[in-house]
Amino acid sequence: MIWNFILRIKTLFFLIPLIGGIWFILRPIQIDDFKKEVTTRILSQDGRLIGRTQNHNLSKQDWVPLTEYPKFVSEIVCIAEDKRFFSHHGIDPFAIINSLYSFLFSKQNRGGGSTITMQLVRMYHPNIRSYPIVIRKSFEVLEAMRFELWLNKEQILEAYLNSVSIHSNSVGFPSASLTLFQKNVRFLSIEETVYLSILIRKNIANEDEIKFRYNQLRTKIPYSLPILDSPSELVQTNLQRKIQNYDDTLNGENQHFLNWIRSLHLDPKEELVSTISSELNSEIHSIVNSELNVLKRWNVNNASAIILEKESNQTTDLSLVAMIGSKNFFEDGNGMVNGTIAFRDAGSTLKPLLYALAIDQNIYSINSILVDEKYSYSLGTGENYLPRNADLRYWGNLTLAEALANSRNIPAVTTIQLVGVPNFYRFLKLAGFENLKQSPNFYGPGLALGTGGASLLQLSRAYGTFMLGGILPKIKIGSINGKSFFYGESQRLVSEETAEEIKFILNDSKLRQKAFGKRSYLNYPFPVSVKTGTSKDYRNSWTISFNDRYVVGAWVGNFSGEKTMDVSGSFGAGRIVQNIFRLLIKDKDKKSYTPKLTEVRSICKISGKLANSNCPSLVLNVRKKMTNLHSCEEFHDHKVSSVVGVGFVYPGQNQVFLYHPGFERDEQNIPIRIREYQTLKDPKLVWNQTLEVKLSKSGEGNVAIQRGKHSLELFDGSEKKAKVQFEVK
């Protein structure tokens, strides 16, 4: 019985490894398993190679079927690496014996015993190179048997030719052929094939080694080749010599686009023909650097630019044709920062989106009268928000069109209060501003002035909405096998009428003249709609412009966040956009847009109604179906009421004042100012529900300061119009 038990143990001792070995060999493998590290070639729109995606090894690898290689390629490679490839089953005993003999008895190493299949095993399992030699060779033998079991010779050879390391970070014959000879592997010559076969053994070889191996191999192949004194001359031109160490850095102006594309994780088995024009990108890069040379005296050190183009038959998408992330991708420090996708304070660039939302929600129309006065807005937390205009002035009543064209801050903050910060927040998220990670309350009404931040790509895409009649575009960045590849999704963002009205407002140079002057970089000799933005302390300068074909955006500033010397959007980024548009627009005959859903009407600046001969007026493109557009009464007879209505300019709701005992009490009175006070028929202001406060005809006055909580209530006859509470400490 004990003897039987021992026999069983012996049987298991031999059976378990046998079963394990069989299982190891019978694991299936397919040709596609070798394509995991293939990189995507990224071409410009004219078919020029501008870069590749990256694999885990940071190498470049293409894949071409064996049937598309010249026939002599496989013949020469087999002669050089494994002359009995088609007769063995993954292991060549003669080569192994020859290798052992060479190792033991010869002073010169005549080569290894690894077959092409065993070399392919090492490519597929690169980690085994660190194993002890006995374990490594045993593993290679078993794996080679498995490869030969599941793959035919043609598949093994195809995988080898596309995976073998040839030169620097070029993997496979197709990639090496493009790198060294600037030609597809289909067009390799016999001499070039021999040259690449030599590099399999040693990727970087000196001239003597290459010459020796080349002339040695030429005697073994069934093709007639001349003796070459310097086989490296096969790499003919200076450019080709440079790219022997090619690392995608020859064209710096394309690098930011390439890195961005790589971050999108494209299908590595395809070739991407991008929408980027390499020639245009180079020209835009020159414009950016030329303008930065002028702006550097104002402490401006960097800039970014982007161009989106509308194809004639497209209504839902735009193509990305130029992307310049910085002045120099290779600059030490921040050169690699892609300014087109970096997030910064957006300044006033979000105002067109805010007003478009307000118009679509029937809160305003472009002829609505807004108020530009000093005003304190309650944040609902016991604190107040006191926005200011860039010029630190207040213009009083003005139309929405004037407020937008001249980029007034107070009307914008009033608008977001009426629209609701959460509503505008959701609208921006819908428009692709995914950088807004905090709650709406975190941003508050300052969201109207760009405090939530934005990227140049986001803004340019959002402004494409006004070009496409209210459709937020998806951005085409290339095509794979003829199928377009997009960034983002298209959807309706605003109505077509609103989009056209905003488009005309931003195109009107006369409308923005009061803020930007008669001559500025925002004026063009052809129709262009333009909006600028300048963040606090002039840290970021933005200009976004568009016409019926292009959206052009630019940012100017410092990647470090350092202040510029008062460089505004209209001057800093405006210079770059102006030059780009002049480059793009060759035909300058067209003087204006062609209206589709709007018509030109003369609007009274005071009432917002149709102007008569006595009204100070402006010309606007208003929608044809506007139902509330009535004729203005005699200018001097009517009283004007703004959309904002009656309310307290100050004190603000829940505002806190501090009483200082070291100053005279009379010098510390609480100031009062009422908006639209003159529109009240029987005005009365009551302090703390007991004392009536007398105001001037313009609605201004004050109350004596005293500690405690106080209230002011405004009545028109018996109707309460507004109430504010404040505290003195």
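I count two residues as in contact when they have heavy atoms within 4.5 Å of each other. A reminder to myself before going on: this is a predicted model.

**Cores**

I started with the nonpolar cores. The largest has 82 residues. I looked up which residues make the most contacts inside this core, and found Phe257, Leu320, Leu353, Phe424, Phe433 and Leu447.

I then picked Phe424 and set aside its neighbours within four places in sequence. Phe424 is in contact with Leu350, Leu353, Leu354 and Leu357, with Ile416 and Val419, and with Leu447 and Ala448. A friendly background note: nonpolar side chains tend to be buried together in soluble globular proteins.

**Cavity**

By class, I noted 5 nonpolar, 1 polar and 2 charged residues in the lining of the largest cavity.

Last, I turned to the second largest pocket, which holds about 1,100 Å³ of space. I found 34 residues lining this pocket, with Arg388, Asn389, Ala390, Asn409 and Thr534 nearest its centre. Helix H20 (513–516) and S17 are the elements that give two or more residues to the pocket lining. I sorted the lining of the second largest pocket into 10 nonpolar, 15 polar and 9 charged residues.

Technical notes. Residues numbered from 1 in each chain as written. Predicted model: local features only at pLDDT ≥ 70, side-chain atom pairs only at ≥ 80, totals over all residues. Heavy atoms only, no water. Core = buried A, V, L, I, M, F, W, Y, C linked by side-chain atoms within 4.5 Å. Buried < 20%, exposed > 50% of the residue type's maximum accessible area, 1.4 Å probe, protein only. Nonpolar A, V, L, I, M, F, W, Y, C, P; charged D, E, K, R; others polar. 1 Å grid on protein atoms, 1.4 Å probe; cavity = no way out; pocket = protein on both sides within 12 Å on 5 of 7 lines; lining within 4 Å. Points joined across faces, edges and corners; volume = space filled by probe spheres on them. Helix = DSSP H or I, 4+ residues; strand = E, 2+ residues; numbered from the N terminus.
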